[in-house]
Amino acid sequence: MGEGATALAGGTDLMVEVNFGHTRPENVVALRRVEELAQWEGGRIGAGVTWRRLERDGPRALAQAARTVGSPQIRNAGTLGGNVGTASPAGDGLPFLAAVDASIELASESGRRTLRWDDFFIGVKKTARRPDELISAIQLPEALPDRQEFAKIGVRNAMVIATVYCVVTRAEDGETRVALGSVAPTTIRARRAEELISSVASPGEEDLREFARLVSEEVTPITDHRSTEQYRRHSSGVLARRLLERCLR
Amino acid sequence: MIVSFKLNGEETTARVTGPLSLLDMLRDEVGLPGSKSACEQGECGSCSIVLDGELVCSCLVLAGDVEGSEVTTVEGVAGADVLHPVQEAMHEAGAVQCGFCTPGFVVAAVDLFESNPSPTTSEIKEALAGNICRCTGYGAIIRAFEQLAGRGT
Ligand SMILES: Cc1cc2nc3c(=O)[nH]c(=O)nc-3n(C[C@H](O)[C@H](O)[C@H](O)COP(=O)(O)OP(=O)(O)OC[C@H]3O[C@@H](n4cnc5c(N)ncnc54)[C@H](O)[C@@H]3O)c2cc1C
Ligand code: FES
Ligand code: FES
């Protein structure tokens with residue numbers, strides 16, 4: 001992509017900025033009909049794959065997230081690549097990518113490179129993508145944990161930016177991952193909580209309580225017009241515990 | 001730039017300057033004011049159209065991105081002098097108050113009934129979650145489509 005060019009996929013983030021005069025792209029690279037970006041083979045999901053398709057065919061927790069995005073109109077247009085490109089702390093697709101340690105594949109005239117999610121997302125709406133690079137795909141690991149659950153907390157069901165997003169996965173051997181969105185500048189993993197619970201074969205009430213406490217301790221939320229720091233912290237623990245319990249069922 | 005695309009089945013060209021939305025191009029350049037402009041941020045659905053087979057908000061489509069595409073607006077859901085069953089159902093159920101949201105609901109509902117001729121009430125509500133009625137006439141709108149679903153199309 002030429003420098004100074006702006007990528008346009010579904011337009012559901014970019015066009016809002018354009019309509020409100022926040023940005024006025026001079027050169028637009030329209031990706032909606034680029035077939036290669038719509039390709040999806042195994043764990044390699046093309047950047048142009050829409051929420052609609054993820055809702056239908058995605059791994060469980062990613063499909064659960066896709067189902068909650070915007071509205072039918074938004075899910076038909078919006079893509080995973082666009083969600084990754086925007087890199088909002090409230091991006092619905094991002095906790096899943098963090099939980100499974102996904103990589104972001106970038107392509108430019110000088111070749112391709114892949115960055116692990118935590119090297120790619122570097123701040124609020126900030127990524128390590130160079131201006132000449134396109135996001136070509138999202139790569140998931142070959143084997144995904146059987147148990148995976150997504151949920152978010154918001155004020156209503158449809159068309160809402162939530163206050164806490166969470167994905168919990170648990171593998172056969174007990175290895176547990178907890179990823180949370182909207183409670184720190186980027187999506188984060190609650191590593192201490194993961195470590196604690198991964199070593200417990202069948203967690204009891206005490207373990208679950210300690211797990212929730214650690215999650216609440218590890219997040220670093222802020223107070224804004226949607227919620228308070230305290231509420232986000234508390235609900236992070238509650239939500240992660242609830243999802244873990246679903247994984248254990 | 002000149003954009004050529006198929007609009008409601010007919011080859012159409014329009015001139016656009018700058019980063020114009022498809023919605024503005026339809027209303028101001030092509031002269032089809034059926035798609036309504038309200039929020040311009042994908043929230044209200046009053047600008048709903050079908051682009052290459054997908055129901056989307058035309059306010060979030062860049063005009064230049066429809067080059068070579070097929071677009072169906074509310075003007076194209078039925079023939080010139082006939083109503084689509086979806087329109088008939090809304091008319092019969094009194095599902096129109098000020099009418100501003102109606103074109104968006106019509107396009108979204110036509111899209112729903114094409115893929116699912118007898119949706120349940122919750123499927124109807126989910127399919128219309130991206131359409132807002134400021135007159136809050138949802139009761140009659142949902143009833144219209146429940147009746148249509150019962151009848152089958
Ligand atoms: C009404 C409404 C409701 C919404 N609800 C939700 C929600 O519930 N959850 C949620 O997570 N998001 C939501 N969004 C935001 C948005 O829909 C998503 O972030 C979506 O995934 C963006 O994808 P897109 O294809 O539309 O991106 P675009 O708007 O086309 O692009 C987004 C950004 O990424 C860049 N980009 C896109 N593709 C590439 C690429 N291949 N390579 C490099 N850069 C690229 C663009 O330049 C731009 O900066 C909502 C938006 C609206 C308007
Ligand atoms: S004007 Fe497009 S969704 Fe409101
Ligand atoms: S009838 Fe007035 S906005 Fe719906």
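Predicted model: local features only at pLDDT ≥ 70, side-chain atom pairs only at ≥ 80, totals over all residues.
1. β3 (48-51), β4 (54-57) and α4 (121-127) of chain B each put in at least two residues, with β4(B) giving the largest share, four residues. Sorted by class, this side has 15 nonpolar, 10 polar and seven charged residues.

2. On size: 32 residues of chain B meet 22 residues of chain A. The two chains bury about 2000 Å² between them, 56% of it on carbon and sulfur atoms. B:Asp65 turns up again here: together with B:Pro19 and B:Leu60, it supplies 31% of the area chain B buries against chain A, more than any other three residues.

3. Then there's ligand 1, which sits between chains A and B. Its shell counts 33 residues, and the closest are A:Ala7, A:Thr12, A:Asp13, A:Thr79 and A:Asp92. By class that shell is 14 nonpolar, 15 polar and four charged residues. α5(A) gives the most, four residues.

4. Have a look at the backbone around the ligand, too. Oxygen atoms of ligand 1 lie 2.7 Å from a polar backbone atom of A:Leu14, 2.8 Å from one of A:Gly11 and 3.1 Å from a backbone N or O atom of A:Gly70. The protein covers 90% of the 970 Å² of accessible area that ligand 1 has on its own.

Definitions and conventions. Residues numbered from 1 in each chain as written. Chains lettered and ligands numbered in written order. Heavy atoms only, no water. Near = heavy atom within 4 Å. Polar contact = N/O pair within 3.5 Å; in protein donor to acceptor, adjacent residues only side chain to side chain. Areas by Shrake-Rupley, 256 points an atom, 1.4 Å probe, with all protein chains shown as cover. Nonpolar A, V, L, I, M, F, W, Y, C, P; charged D, E, K, R; others polar. Contact = heavy atoms within 4.5 Å. Buried area = accessible area lost by both parts, 1.4 Å probe.
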